[in-house]
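Some notes on this model follow, point by point. Please read them alongside the coordinates.

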Amino acid sequence: MNGLRSILLRRETGIAVMIVLFTLAVTLYKPQFFTANNLRVILLLTPLVMIAAMGQMLVLVARHVDLSMGSMLGLSAMITGMMFRDMPEVPWGLGFVVAIGIGAFLGLINGALVTLFRLPAIIVTLGTLNLYRGLTFIVSNARQVDRQFIPSDLKAMSQSSPIFGIPWIIFMAFAVALLTYWFATHTRVGRQIFALGSNPVAAPLRGIKVTLVTLLVFTIAGALSGLAGIMYASRWGFVNPSNTGFGFEFQVIAAVVIGGVSINGGVGSVLGVMLGVLLMGCVAAALPLLGIPGTAQGAIYGAVILIALLIDRSVRQQGIASLKRVRA
Amino acid sequence: MSATDTTTTAEVGREAAPPRPLWHVILVRPETMTLVLLVLGVIVASQLSPYFLDVSYILRSFTLSAEFAIVALVLTMVIIAGEIDLSPAANMALSACLFAWAQASGVPIPIAVAIGLGAGLLMGALNAFMVIALQLPSIIVTIGTLTLYRGLAQVIAGDKSIRVPEWFIGIDRVLVFGLPVPVVIFIVTAIVLGFVLAGTIFGRQIYQIGTNEIAARHAGIRSRQIKLVLFLLIGAVAATAGMMTASRLGSVRYDLGLGGELQMVLMAMLGGTYIFGGRGTILGTFLAAWLLVVVSTGMTVANLLPAIQLTVLGVLLIVAIIATNFIYSRTQR
């Protein structure tokens, strides 16, 4: 009984219920929503956001925020795409190393600025958001990397599938999620991120190396953005200096906060974020069926962020109230 | 014994420290840094192009970012009060779209203007509600509303651009005393806000809230009302700026003022506003706005790609906060 209660009260259950209700409502209105083909479309919308969302989750748990993800995605995808174009003899698997490496380096810069100069992450990453986007134009000479230059093996990852017609990149996204789960809950550093976000004042007193943990969190966020970058090249088959990753950070933040990661730090789970990403994918797939133009997407992301903030606040207040009851 | 001696002498020493000489006080102010950079910028730019010594050329360039500069003046006050607003650029787009859409569907112009301004106030009120009544952090709230407002503008305008009536176009080409109207509005706003911030009780209370909100409340300052006024003010000013942009461009699209939040925050930071609140001046932002215009016009004259300009602005923002924080940490001792 108690176990059932605690499952029902969990945040993840709430999001799962929202997904089911949303799917039911849309299916009743438009039966073609719940078909195998459309489910595949929904799943294909999720992997990029899911991978980046894992990084953003860790950053938010540590009480920071990373606004530069879309630009990190764009810059690492661009450099990788140019490598494919200008050095066709390089094995395509090396693209992953390059993209992740560049992403990690860009993330490290964010982290270094935040920790060394004690600056608020939001302003730093607002600066690097524009800085990295500008660099993308500079390195690419404002030219797109076209379809024929992306290795066909890489593109095939988004189309061919090992099982059930589900493409490889979705499995990769789930693998990243599993790894993040293991890292966040079963390693010392992972738990230190949560400790740091719950109480930044107490964390150094408990012997947590705050600078290193913060640097690591931003580096991971950058590396995962880089991974999302090469997967963008795989999924869409081109890299464009202005489109690739533009506005991506807002999708990611929306998915992460609706997935129950608290903006006050210290709270968040991989399962919740995965469900949040899935919910956003369902919404995005339902829009055209419901006859809502794609232009409405931005407004929906914004509304989702605000709604998630309200839920987060009411959950926190309930927590405070129940603590008071226990003490009384 | 000796330990207590040193502490007492240290305390005495601190009490007896002579007041800093005036030149010292002036020299370590961040506004001085902005002014020096501004002078340097003009000298460098005039080496690049002789046009730079032509005042009307700079004035005409200034009209391109005057709208952002006007909002940045109010944003300075918001940041001094310890909050931040990243949504005014999206606010500009949404209120301009609403205004253009209303007048295109046959509403008389005065009412269309009222709709635009009302929408701006409403957007400011929504930010204020989330930040003040629900006590959510303003940075995250305004990221959410920035996405929402820009998205709503896209819903209203779609991918098309809405034209505004012929006589409404060209506010930047009308001259008052030889100055383009947006520049006049900017200067007047700066003088008024500068007076409010430095010379009125309301202004001083903004500093107190930003320095220590809890202490300010205990001292009887109505911090919530003051923040509400600031959020409403920035909403209304952003709406006005949005319509000025519509008048300058002659048509409205949902991406009006895209990325403007960077320029606004950059102007405030370059002007020496302290990102954690409690410090900053209107004069600093006023100078920083001119500095930014000189820098970006200089880059345009030097034929740099817009993308490179974006990179430079990003770097400038980071350098500006680091420098400001450094100056304040030195003067605090």
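Which elements of chain B do the buried residues of H8(B) pack against?

1. The model is predicted. In it, the buried residues of H8(B) pack against helices H4 (55-80), H9 (201-211), H11 (223-249) and H13 (282-301) and strand E3 (179-180), which belong to chain B.

2. Helix H8 of chain B runs over residues 181-199, 19 residues in total. From first C-alpha to last, H8(B) reaches 26 Å, close to the 27 Å expected at 1.5 Å a residue.

3. The buried residues of H8(B) are Pro182(B), Val183(B), Ile185(B), Phe186(B), Ala190(B), Leu193(B) and Leu197(B). These sit on the same side of H8(B), because they cover an arc of only 150 degrees around the axis. On the face turned away from that side, the exposed residues are Val188(B), Ile191(B), Val192(B), Phe195(B) and Gly199(B).

4. The largest nonpolar core has 206 residues. Among those with the most contacts inside it are Ile51(A), Ala53(A), Val71(B) and Leu317(B). Leaving aside residues up to four places away in sequence, Ala53(A) touches Val252(A), Ala255(A), Val256(A), Val273(A) and Val277(A).

5. Two backbone angles deserve a check. Most residues other than glycine have a negative phi. Arg63(A), not a glycine, has a positive phi of about 70 degrees. Arg63(A) lies in the loop between helix H4 (47-61) and helix H5 (69-86) of chain A, and is buried, with 20 other C-beta atoms within 10 Å.

6. Gln135(B) also has a positive phi, near 55 degrees. Its place is the loop between helix H6 (109-133) and helix H7 (138-157) of chain B. Gln135(B) is exposed, with 9 other C-beta atoms within 10 Å.

Terms used: Residues numbered from 1 in each chain as written. Chains lettered and ligands numbered in written order. Predicted model: local features only at pLDDT ≥ 70, side-chain atom pairs only at ≥ 80, totals over all residues. Core = buried A, V, L, I, M, F, W, Y, C linked by C-beta atoms within 7 Å. Buried ≥ 20, exposed ≤ 12 C-beta atoms within 10 Å, placed from the backbone. Contact = placed C-beta atoms within 7 Å. Helix = DSSP H or I, 4+ residues; strand = E, 2+ residues; numbered from the N terminus. Expected span 1.5 Å × (residues − 1). Arc of directions from axis to C-beta.
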